[in-house]
Amino acid sequence: MHPQFPIQYQFPLQSLNTFGIAASAHAYLRVTKTEQLLGVFADAAWVSLPKLVLGGGSNLLLTKDFPGLVLHIALQGREVLASDEHHHYVRAAAGENWHEFVQWTLAQGLGGLENLSLIPGTVGAVPIQNIGAYGLETKDVFHSVTVFDPATSSTRTMDAAACRFGYRDSIFKQDDGRHLIIVDVCFALPKQWQPNLRYAELAQALAEQGIATPSAQQVADTVIAIRRRKLPDPAVIGNAGSFFKNPVVTGAQCAALLERFPTLVHHAQPDGSEKLAAGWLIDQCGWKGRTMGAAGVYPKQALVLVNNGGAQGADVVALARAIQADVQARYGVLLEPEPVFI
Ligand SMILES: Cc1cc2nc3c(=O)[nH]c(=O)nc-3n(C[C@H](O)[C@H](O)[C@H](O)COP(=O)(O)OP(=O)(O)OC[C@H]3O[C@@H](n4cnc5c(N)ncnc54)[C@H](O)[C@@H]3O)c2cc1C
């Protein structure tokens, strides 16, 4: 074993993905220093192998053993960098646990990330799909990201425009950015913090506690309580959160659907399109609580597919395909999976 690259072979990945799927990697490296990436991509033996950059494994579905090298990003470190008239800037290394980082910013007295509390995974994966929850998306609090580019074996900084953020999307999911490895992320947190209570359920939950002007920590605590109530804990039951993105349709498509399905759940978007609730569509097709083999649809939330114990990636894929087919047949809408299939 090379001392700088303690690569391990036939490495089990079951405990490294929140679905709890049993699969192995041909080779595995826990990356604790950026220089290790330089070394890997300078070594002819490793360059040609397929790579999987792994964070917390909470947004991927392993469908088979991985035939290449898994780069498990474990880079650590976080700091308050600077302030200007409007913002405090905080930076964290890609391997930091996201929820712990959010809690740390709150402990520094810095609000802004609290609506994204308790989302599993690492800081480095946060920009990949522009994670969002409870009325906030990454792009709203993002400043810049440092990436390692294997094509040039160098690092560079990218701002929000360069990241091309969209709904559960960014350049890091596109052909011209998929190869980039995120090393650290910098967030711009507002100096004049105001609670973001755009999400009705969050506002209501705070009101029920009699909290009219919540602190950032109170918003975080309420988000955490709601999430614990609604979502399965991956430590108990394997899952990757929402399995499908909410489909976006044109205004005309939505109007046509509403004629046939007057209770259709939809949310108007600023550009005139309409976002449909994927969970509602799946529920209406009768899938909530149903199982197919060892895979199933979470009884409390139809958007979440679960591993009821011993499921293979193929079981989850088969269930997802069956759901997609039903929703397509009934509503003419194709549901797009949110997790990355490996
Ligand atoms: C219970 C539960 C609830 C969830 N709730 C939400 C939610 O509310 N909102 C939401 O948006 N998501 C949610 N998710 C999905 C998931 O937690 C997020 O997408 C998270 O950011 C994934 O982080 P990760 O480190 O686990 O990424 P991984 O699953 O390890 O990787 C996901 C993708 O990012 C790539 N990647 C990871 N790290 C890097 C890096 N450093 N550089 C380059 N590429 C990288 C991987 O190659 C892969 O393609 C939820 C998941 C679960 C299990």
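How many residues surround the ligand, and which are the closest? I began there. The model is predicted.

**Entry: the ligand shell**

I counted 33 residues around the ligand. The closest are Gly 55, Gly 56, Gly 121, Gly 124 and Gly 241. Then I sorted the shell by residue class. I found 20 nonpolar residues, 13 polar ones and no charged ones.

**Entry: strand 10 and its partners**

I went on to strand 10, residues 142-149. Six bridges join strand 10 to strand 12, and the two run antiparallel.

Which residues stand opposite Thr 146? In strand 12 I found Asp 184. In strand 11 I found Thr 157.

I also checked the turn. Strand 10 and strand 11 form a hairpin, with four residues between them. Ser 153 lies in that turn and has a positive phi of about 50°.

**Entry: helix 1**

I turned to helix 1, residues 34-42. Which of its residues are buried? Gln 36, Leu 37 and Val 40 are. Seen down the helix axis, the buried residues fall within an arc of 105°, so they line one face of helix 1. I recalled the general rule: an α-helix has 3.6 residues a turn, so residues three or four places apart point the same way.

The face turned away from the buried side carries Glu 35 and Ala 42, both exposed. I then asked what the buried residues of helix 1 pack against. The list is strand 2 (24-31), helix 2 (44-47), strand 10 and strand 12.

**Entry: Ala 74**

Last I looked up Ala 74. I found this residue in the loop between strand 5 (66-73) and strand 6 (78-83). Is Ala 74 buried, exposed or partly exposed? Ala 74 has 18 C-beta neighbours inside 10 Å, so I put it down as partly exposed.

I checked its contacts, leaving out residues up to four places away in sequence. Ala 74 touches Arg 30, Val 31, Thr 32 and Gly 95. I also noted Leu 29, which is 45 residues from Ala 74 in sequence. In space the two are 9.8 Å apart, C-alpha to C-alpha.

Definitions and conventions:
Residues are numbered from 1 along each chain as its sequence is written. This is a predicted model: local features need pLDDT of at least 70, side-chain atom pairs count only at pLDDT 80 or more; totals for chains, interfaces and linings use all residues. A residue is near a molecule or strand if its C-beta atom, placed from the backbone, lies within 6 Å of it. Ala, Val, Leu, Ile, Met, Phe, Trp, Tyr, Cys and Pro count as nonpolar, Asp, Glu, Lys and Arg as charged, and the others, Gly among them, as polar. Two strands pair if DSSP finds at least two bridges between them. A residue is buried if 20 or more other C-beta atoms lie within 10 Å of its own, exposed if 12 or fewer, and partly exposed in between; C-beta atoms are placed from the backbone. The arc is that of the directions from the helix axis to the C-beta atoms. Two residues are in contact if their C-beta atoms, placed from the backbone, lie within 7 Å.
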